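Thanks for coming. I have one model to show today, and I will talk about a few of its side chains.

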Amino acid sequence: MMRLSCTALFVAIAITSLTVSEAFTNPSVGSGIHTAATRLQATVEKEPPIADTAPLGDDSTKPLFTNVMACNRAEIAVRIMRAATELNAGTVGIYVHEDRYSQHRWGADRSFLLEKEDDATPISAYLDIPQIIKIAKEANVDAIHPGYGFLSESPEFAQACADADITFVGPTVENLNRFSDKTSAREAAIAAGVPVVPGSDGALTTKEEVTAFVEDIGLPIIIKAAMGGGGKGMRVVRSMDDLVSSWESASSEALAAFGDGAVFIERFVDRPRHIEVQIIGDGTGNVVHLWERDCSVQRRHQKVIEMAPAWTLPMELRRQLHDYATALTSAAKYKNAGTVEFLVDSENRPYFIEVNPRIQVEHTVTEEVTGIDLVQSQLKIAAGATLEEVGLIQENISARGVAIQCRVTTENPERDFAPDTGTLSVYRHSAGCGVRMDGIGYSGLTITPYFDSMMVKYTARGSTFIETVNRMNRVLQECRIRGVKTNIPFLMNCLQHPDFRAGKLTTAFIDENPELKQTSTSYWQFANDEQADPRKVFRDEQLLRYLANLAVNGHPTELGADSSKLATQFKSSVAKPVIPAPKPGAPKKNMRQIYLEKGPEGMAKAVRANEGLLVTDTTWRDAHQSLLATRMRTQEFARCAEATNEALANAFSLEMWGGATFDVAMRFLHECPWKRLETLREKVPDVPFQMLLRGANAVGYTNYADNVVYKFCKQAQSSGVDVFRVFDSLNYLENLKLGVDAVGTAGGFVEGTMSYTGDVADPTKGKYNLEYYMNLARELVDMGSHAIAIKDMAGLLTPQATTMLVSALRKEFPDVPIHVHTHDTAGSGVASMLAAAHAGADVVDGAIDAMSGMTSQPSLGAIVSNMKGTGIDTGLDPAQLGPLNTYWENVRSLYAPFESGQLSGSSDVYQHEIPGGQYTNLLFQSKQLGLTEKWPEIKKKYAQANIVLGDIPKVTPSSKVVGDLAQFMVAQNLEPADVLEQAETLAFPDSVVNFLRGDIGIPPGGFPEPLRSKVLKGRGLDPIEGRPGASLGSYDFDKERAALVSKYGEKYINEKDLLSYALYPNVFTEWKEYESIYGDVETLPTRVFLNPMNIGQEIELDMGPGKALSVKLASISDVNEDGTRVVLFEVNGEQTYISVTDSSVQTEGTVREKAGAPGTVGSPMPGVIVGVKVKPGDVIQEGDTVATLSAMKMETSIPATSSGVVTRVTVNVGDKVEGDDLLVEIEE
């Protein structure tokens, strides 16, 4: 517990000594300081001297007690021990095995283990009176303080202490008999003239009694545990249908929490305030109050935020409550501390509800505003002192300022406060002026499901309510509890809610504001965005979790990284390239300026008017897609962006987006593709950006509603794309038209694209002759294309074929730019691009030398050098390209784990026609599957599969169809004739079936028959006629936007996220889920992102201007029983623990089946099964209870999700389960 010393406390009170009314109305202390200090001095002088009174123990040689046992656990046990130590008493603690690492064990002078039966719950040991008394006697304990909960209200325990000649620090047995039983307390209140809520006169023990009583008084009602409090055993019932089940669960919960399942019933007062008065008596009838507390902010009848005093109470009502409380307890000759609790309805009418005959969780706020140590006062009165001897005189007790307490629990507000368990990776508390901390956490502590979820409570004090609220906001933001979910974000939402700040609080505050629980979408009022945005607040822990998981488990196999090529030692980041200044001369207007000023038509004219050859650099997209499976991260492009902008100022474009880069960014790199586009656009203002658009498929692999494609193109153009290479994998005109129209409407430069296959120079190659491409080009120009692009995905364009096709196109379309793209798989790419240039092409594609060749594009440096000094010079300076080439050589070494292993070109591409990017992927996959020796066969089968499917153009997604069929043929050892013969029964890959159905369009020359008819017949499918997406209705953007905002928060969802979701709903959702666990891993340096840290390694993470983390991997533990390892980091010198499940380890019970399928019932949260209500063969109805779960002492009845027969029960009593674990299966 962090608090001021008594001297400092009273000096602080003197300085800020406002009266109650002043504290709530005057935000500043003003001139009242001197008067208040004088008033305090007078008060102190009036107090009787007590230093020589032996029973009080103020003389350190005369302690009150020799040894005080804290008969409790966690923070209240520590609180008791501290008070006892300050009074010079020894301290004794008790603990169960599950609490062996708790501070209350090692914080005591001595602590003793409580034994329990193997099948007993940990809580039961803390209720074992004989064992506790035995330990106390053996430890020479002469006083036992029970704290709150457990045995604190047990008359039997108080009597057992008396019988053992041990002082019970609490009320008398008679007091407990009267007030710990809510029914007898109610009778005492009535006798004392205190108004009560209509309710049962005693405990109701049968469902018949419960039903009859409720039918008499009417609904709504509240069921309460007769013994204990803290919201346990309490249920509100508004429907008779829920009455019996609520009574049963309340009784069961009360029994588990207090050892007594008796409950009583009261009429439920709707939307009241919950006000409680703190009292303390000396057993002679002399009782004083220490003002009141407002405890209205509750969840499930358990207090969450408390404040003292209840600052919005009318003074007359406040005095009335004080009088009621003291009259009731004085008449009972109450001894020690207690709380008298009231409900105050909307008309300020008070109703007594109970007396809590013990210290309360929220006692700290009373201590802070009164300056009175309640626990020490309890010990002194227990030792025989009177109130006067303790110094508790009513007229001297005043409340100064305001105090607020927040209970921090390990619960997830977004899962209806489901308790969370795990290891605390970081525990760093808040401090400062007016701040008190009572808690037991520390870094590395394991939170278990066996006990109450409260970990720490913070108490803030200030002169005014708003000052205190602001202080508590700062406290909660400053503290660091990581590794488990906590309710801190929820508490901050409460504190910043307008109703809270205005004091408009009732017990319905949380229920009436469900948005308070949406913590991941919160945004708090702090000047610094790092404090206001929860995603940034938790960023450090999330990135450490990524590093820990990488260190334990490595990369997931689906990422495709070759672990043998990962770096064992970290290299420094690749330095930015520095290029020489351009040669002097008149500046030339670049193509981006022309596009922005004159639009796509003006740009097309400028391209045709250009005297030299223009180039497109594909390094930023197709090159790394073809060589490295599209795994290149944004930061590698950003680091060389300024140099690229300078070196390529005279280029036609920079291909950098679209195609596979879109989904891979989210799926594997965990980046936002839109952020990549906009970040790089800002850094490269002078070179047109080019993207690959799959016609009607946009950047996806399926059909989309037309409005999705149009909206996507509009946003892409707005975010920075200038040139759109629009293609269709089958050259299907209807799909192409949609893409061309969408780009044209958006204002982009349209490259109508022909997907090239075959060989126009070889008349024996079939349907893809020169006339085929000329007809296709005419259609593209008629559609409104600004340029014609030839997309040679496999590198089939020989120099001869290039010359034939480009010459013919140039002759027929003299005013239309021609752009040629190829892959260098066969090694003839440079020659083909030179041929294209000489034949009249305006633009050719190449890649920076270090990223060129093989399945990538031909060497840009070679093209530039070969054209230099000719009539078609590219205008690019080789001296400026050189540093870029060096940069990409170094970058490529970082990505060695993604290299396919291809060491040379492959001229057999002219036979198998595998596209460049797919060639790399298939080669890599064959190695992963151990099929390296079958690679020649895979290439052969690819060629056969292409013919089986009708000899189609092969580019995503049609290339995947051919590749899938090829691999299927290899796996099944099928020849082409076998495929046709068995077409009705073979289990073809889905992509093949969908293609034959017509899902991606109609191939040139139509579908292969009779293959298509046989496949569809065997599956009972009808063919799709016409453009596949034409029959799709418009995508409901408004509906989906609302759903995303509801899930992620309005601040975190924009139109680009909406488009990402529309195109890839599952990928987007998985990316967001990944981000919620590991944060924005895009910020990690690539060397750290890709390579697991080694023990002892230290790295520096740049978290933004003025923020850096020094991270050292200190150790990785052995595997624990639950299959986890604890990874220990030192972060800026502070130890941080991250628990990670080792995916390579399977231990008994580690992984349970998960619910989710129809007829399954899953656990709603982590916890322990304390009751199984069904067995296989039982016939049950939807809603029937199938099991009872205990989590943090809270019991939950788990209902059946459907009606039917129970076929399987997967749990037993005592089993520990996680959220969504399968419990029961039901067959309808």
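**Aromatic pairs and one buried threonine**

Start with Y546, which is buried, at a relative accessible area of 6%; buried means under 20%, exposed over 50% and partly exposed in between, with a 1.4 Å probe and protein chains only. Before going on: this is a predicted model, where local features need pLDDT of at least 70 and side-chain atom pairs count only at pLDDT 80 or more, while totals for chains, interfaces and linings use all residues. Residues are numbered from 1 along each chain as its sequence is written, and side-chain values use heavy atoms, leaving out hydrogens and water.

Now the rings. Rings of Phe, Tyr and Trp (for Trp, its six-membered ring) pair if their centres lie within 6.5 Å; planes under 30 degrees apart are stacked, over 60 edge-to-face, and the rest tilted. That rule gives 39 aromatic pairs. Why is the pair of Y546 and Y1078 edge-to-face? Because the ring centres are 6.0 Å apart and the planes stand at 85°. Y546 lies in helix α22 (residues 539-553) and Y1078 in helix α45 (residues 1065-1078), so the pair links distant parts of the chain, 532 residues apart; helices here are DSSP runs of H or I, at least four residues, and strands are E runs of at least two, numbered from the N terminus. Y1078 is also buried, at 14%.

W657, F662, W674, Y701, F712 and Y1064 form one aromatic cluster.

Last, T1136, in strand β34 (residues 1134-1141). T1136 is buried, at 3% relative accessibility. Beyond its neighbours within four places in sequence, T1136 has contacts (heavy atoms within 4.5 Å) that include S425, V426 and L544.
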